Amino acid sequence: MQAMENFIFQNPTRIIFGKGTEAETGRETAKHAKKVLLHFGGGSIRKSGLHDRVCKSLKDAGVGYLELGGVKPNPRLSLVREGIRICRENKLEMIIAVGGGSVIDSAKAIAIGVPHAGDVWDFYLKKIPVTESLPVGVVLTIPAAGSETSNGSVITNEEGWYKKDAGGECMRPKFAIMNPELTFTLPPYQTACGAADIMAHVMERYFTRVPSVDFTDRLCEATLRAIIDNVPVVLAKPDDYAARAEIMWAGTIAHNDLLGTGRIGDWASHMIEHELSGIYDVAHGAGLAVIFPAWMKHVYKNDVARFARFAVNVWGVEPRFDRPERTALEGIRRLKSFFRDIGLPTSLPELGVKDDRLEEMAKKATAAGPLGNFVKLGKDDVVSIYRLAQ
Ligand code: NZQ
Ligand code: ZN
């Protein structure tokens, strides 16, 4: 078919966006539950005072809660199991995630684990589909993973350091509270990692072989430009509300599936990256900053015109109609230098990854079959991409 693919688009997450919106947490939660698990990370929300504000909002709305903090970046299965136990023992009805992708993904895992009699990891091994979940609510503190409206969760199993995803429509959060002011406290590195992940979510969808998807091409290009323009602003001035708001909203749109409508996304770079963050515990966005340009170099010859369009429309490269390949390569170069300019690593050694486990990671990444849709990648391709990233 020479046109967009058939699609269903439904993203039911209620977004409450803007200054002071965390005060709505209790009211939004009370629509779904009376007793909840308040789930959060390593301490940033206590330092910023957000923890107190969320607790007050829950109390004011008459919502009871128990707390489970300590979610680590690349969230661990052991804490998910603990959360499931706490919810079951105390008959908690909903999980409220206050944090970033790691906290939200851990909350989603708990939420699907509670009603399931078997092992929650079976969802991540794709042994069983996800059909039931407790409701999840989100107060987002970092624009990055897009988990605040996505249907997925990514968890790391410490036994073997497997990082895997599970997905199901019932996993989309009931609400996402998004106050850009909450992101003022983000360290520059986390801001940059978030930006790389947001851009990767757009690019995974942008690099498609489906023809005649010009409308969503343009939405993708606009979303990428919003990140490229606004990230340097917040790195220079972390409390620039206008720029933080642009990034936060773009981060959600990048991964709420709108930009993928009618397209077939690629997603190989994400899978190749998950091996890095699973084994080496690097930040997902940093891993993507290293992998994505390498993936591009490996595959661009399969559709030079698309890469040339990316270079021209996203990076403002002067097109060379006689040498489209040169235009395409210049776009990849600009992406890589943007990542470098915002303080991200762009090679595996910078991430602390040596070349002794590349084969093993490539084998793990392709264990269930070839990766990607733009080009199908086998184990040897993945090794080549790791090598291009050195
Ligand atoms: O733990 P705390 O103390 O809160 O610190 C966190 C953490 O160290 C800190 N942070 C967050 N908000 C802050 C803040 N520090 C100061 N001020 C704030 N406002 O940032 C660090 C990173 O947090 P994390 O939640 O790990 O970041 P992110 O949102 O990038 O999430 C990454 C995880 O999401 C997964 C990734 O694989 C990774 O495990 N993904 C989930 C997806 C999904 N569910 O749809 C899709 C993505 O592709 C991605 O794979
Ligand atoms: Zn991602």
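**View 1. Cysteine 170, partly exposed.** With a relative accessibility of 29%, cysteine 170 lands in the partly exposed class, the range between buried (under 20% relative accessible area) and exposed (over 50%), using a 1.4 Å probe and protein chains only. Its sulfur sits 15 Å from the closest cysteine sulfur, in cysteine 87, which is too far for a bond. This is a predicted model, so local features need pLDDT of at least 70 and side-chain atom pairs count only at pLDDT 80 or more, while totals for chains, interfaces and linings use all residues. Residues are numbered from 1 along each chain as its sequence is written, and side-chain values use heavy atoms, with hydrogens and water left out.

View 2. Searching the whole structure turns up zero disulfides (pairs of cysteine sulfur atoms within 2.5 Å). Cysteine 87 is accordingly in none, with the sulfur of cysteine 170 the nearest at 15 Å.

**View 3. Glutamate 28 in helix α1.** Helix α1 covers residues 25–30 and includes glutamate 28; helices are DSSP runs (H or I) of at least four residues, numbered from the N terminus. Glutamate 28 is buried, at 5% relative accessible area. Beyond neighbours within four places in sequence, glutamate 28 is in contact (heavy atoms within 4.5 Å) with Arg14, Ile16 and Phe175.

**View 4. Phenylalanine 307 and the largest nonpolar core.** A nonpolar core is a set of buried Ala, Val, Leu, Ile, Met, Phe, Trp, Tyr and Cys residues joined through side-chain atoms within 4.5 Å. The largest has 69 residues, and Phe307 is among those touching the most other members. Leaving out residues up to four places away in sequence, the partners of phenylalanine 307 include Phe207, Trp295, Tyr300 and Phe374. Another core, of 35 residues, lies apart from that one and includes Val120 and Met248.

Key: Chains lettered and ligands numbered in written order. Helix = DSSP H or I, 4+ residues; strand = E, 2+ residues; numbered from the N terminus.
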